[in-house]
Amino acid sequence: MSTIPAVLAALVDLAKLAMPPEVQVVDGQPIAASTDLLCVGYTGTPTEPAVEAAQYLTQLAPTPDREQYDVACLAAILRGNADAREVREAVFGRVGAVRSALARDPTLGDLVMAARLSVLDLTQQQTPKGALAEIRFAIHIDAYAR
């Protein structure tokens, strides 16, 4: 079957180890708002997929065994009395920590062939509560179904 459930769990664990204690790491959508957040498997819109996958036949296999997919993630920081530059640099630091953790273990403990950060989008704004910066990013997975 698919590696998706195990990979989501591994990515949450990886993010928890990579983040400082003040960062709330969430599997999916957060229940409560946080001012320093990293979500794995989350798009922000209930109708959007958290994971987009494709499965392929390889080497004359009778069933699809190769899969490639993107896991949607979000890093967000909201800080009162902070300028946009400070918040932007902090949120890029969060995503950089995930990227570094993936570089140290790109197979997620031999669960997949490769896991890497593939795309990111930055949004930023000034709100009544302070400066907000969000990065939506995808972790691309290349694996064989187990």
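Which residue stands opposite Ala-131 in β6? Select Gln-126 and Ala-131 together: Gln-126 is the residue facing Ala-131 of β6. Before going further, note that this is a predicted model, in which local features need pLDDT of at least 70 and side-chain atom pairs count only at pLDDT 80 or more, while totals for chains, interfaces and linings use all residues. Residues are numbered from 1 along each chain as its sequence is written, and side-chain values use heavy atoms, with hydrogens and water left out.

**Stop 1**

Now select residues 130-144, which make up strand β6. Helices (H or I, at least four residues) and strands (E, at least two) are DSSP runs, numbered from the N terminus. Twelve of the 15 residues in β6 are buried, where buried means under 20% relative accessible area, exposed means over 50%, and partly exposed is in between (1.4 Å probe, protein chains only).

Two strands count as paired if DSSP finds at least two bridges between them. To get from β5 to β6, follow the hairpin, which joins them through two residues.

For a landmark here, pick Gln-68, which stands opposite Asp-142 in β6.

**Stop 2: two cysteines**

Are they buried or exposed? Cys-39 is buried, with a relative accessible area of 0%, and Cys-73 is buried too, at 2%.

A disulfide is a covalent bond between the sulfur atoms of two cysteines. The rule used here asks for a pair of cysteine sulfur atoms within 2.5 Å, and by that rule the count comes to zero disulfides.

**Stop 3: the loop between α2 and β5**

Finish in the loop that runs between α2 (84-104) and β5, and click on Leu-108. Its phi is near 50°, a positive value in a residue other than glycine. Leu-108 is buried, with a relative accessible area of 9%.

Asp-110 sits in the loop between α2 and β5 as well. Asp-110 has a positive phi of about 65° although it is not a glycine. At 60% relative accessibility, Asp-110 counts as exposed, whereas Leu-108 is buried.
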